[in-house]
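Okay, let's get the next one up on the screen. I'll talk about charged pairs to begin with, then about a sheet.

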Amino acid sequence: MAEPTTDRTPSSPVDVCVVGAGPAGAIVAARLAESGHDIVVLDAGPRFDPADREEQLDAHLRPGIEGLWGMGGERDAYATSGPRDYPLNAARVKGVGGSTLHWQGMVMRLHERDFEMRSRHGVGSDWPIGYDDLRPYYAEAERELGVAGAADNPFAPPREEPHPLPAFPPSHSDAIFAEACESLGLPTHSVPNARNSEPYDDATACVGYGTCKPVCPSGAKYTAERHVARAEAAGARVIDRAPVQRLAHTDDRIEAAVYATPDGREHRQAARAVVLACGGVENVRLLLLSASDAYPDGLANSSGLVGRYFMDHCFAGAGGRIDRPTRQNHVGFNTTESHALYDDTDPLPGVKLEFLNYAGPSPVIEALHADTWGDDLLDSLRDSYGTHLAVGGLVEQFPDADNRITLDRSTTDDHGNPVPEVRWSVGDRTRAAIERVNEVQVAILEELDATVDWVVGPDATGPAYHHMGTTRMGTDPSESVVAPDCRAHDLRNLWIAGSSVFPTGGAMNPTLTIAALSCRLADRLADWL
């Protein structure tokens, strides 16, 4: 962990206080600071020193060590209710860089249909902006993140320029899947990745550690630390271990972010504008914790929709073994996928097929965790390694007002605040889509004469930990929380960044859209300032 910030006292009133140093907050902070604005960023977690990444990798590989990023305990307590438990802490990080510290790094644009689901198919919701509105910002976001990709996806929406970096080549197992998919009429194509296929933005090219999730020791995979560094180079202050407790406000504006520090004190950071960028769960929690006589139901909540329409992506998958070498775990991220099931006119949710390079056990981890040695271990590794295949898929969830984030007032965190409570369920349409994609996945494996060992269907599905939809955007203040520019309807100087503003989630990994919206928000906020 990096040396702690020693001065956590507030600055004199600044132009913008950004809450959260993940990709949304860091991009907004960097762009505004580089435009000459006075910025303070507050993050609940610590800084993690990039120099420690190889040590973290070593800890990840060895038995008995879990939780490289310090999640858990009273600070990160939560509750879950409803038909399915939601393991909130399984894939989030509180710290400078946020969840990009341990994400896999796939970044694709939403399709045009994702912005128009209600108009096109009579399901879900329409966004108040369209793909064409976000298209130039997608290009900016790809440059900001350093995306490696290719124009080989016949289903992708139109684009205006090549990706900044060339795509990663297909893996060995990708080539195996391509044979079956061609026979079944399922075109495959490359995956855009926010990792360097060649040196970019002062970072090395990927060197193939294969452990992208949970840690990239080389620094080739994008993390929001890059934008934090840019923000600080342009004069912004970034204060770690400074969890915001509430937003002090008048009837129509935020006056200050009230934050705690490790010494047990509270401080007020005053600002002309505040940007919430702490994720689809913590954005909601902070708005609800800031309730007052003027806002008894929480800030920005005149619609009653703060926390509602929580969405994620559901996983569907199938895997097995094949009598030929697969080189499993040779690559730690996806290099081939298929959007062939995505833009169907059938109103079932969209599905993105993913061909998993990391199927089956890793020989390194198996060896380090084994109880046997010598020839017995070698025989075991030969039996478990090199023949596994798996195909996964992200399945869209339509917005459902009953899926929501609230406060559990019976449980408190380390500052005595109620913890977030997650209510999450999987609807009938999503269940049907999972069943449909399972059929396709099994067909692909059977085309390869593989033995199907497992299938993750609707009863076993879990979330992809893409928190979306809890402060949705719209033009009608009675049906949304923020306007199309991501400014809250109820408070004239409060802006919300990140995937919590998504009216729908599609089935594409959300980070590129988060980055595009953050670039757009920064432009709008700069004009407002």
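**Salt bridges and a sheet**

So, the count here comes to 30 salt bridges, meaning a side-chain nitrogen of Lys or Arg within 4 Å of a carboxyl oxygen of Asp or Glu. Keep in mind this is a predicted model, where local features need pLDDT of at least 70, side-chain atom pairs count only at pLDDT 80 or more, and totals for chains, interfaces and linings use all residues. Residues are numbered from 1 along each chain as its sequence is written, and side-chain values use heavy atoms, with hydrogens and water left out.

Take D240 and R8: their side chains meet in a salt bridge at 2.9 Å, N to O. D240 sits in the loop between β7 and β8, R8 in the segment before β1, 232 residues apart. Strands and helices are DSSP runs, by the way (E, at least two residues; H or I, at least four), numbered from the N terminus. Both D240 and R8 are buried, which is under 20% relative accessible area, with exposed over 50% and partly exposed in between, for a 1.4 Å probe and protein chains only.

Next, E337 and K352: closest N and O atoms 3.5 Å apart. E337 is in strand β12, K352 in strand β13, and both residues are buried.

Those strands belong to an open antiparallel sheet of 6, ordered β6-β12-β13-β14-β11-β17; pairing takes at least two DSSP bridges between two strands. β6 and β17 stand at the edges with a single partner strand each, so one side of each has no neighbour in the sheet. Between β12 and β13 there are 2 bridges, and S338 has L353 as its bridge partner.
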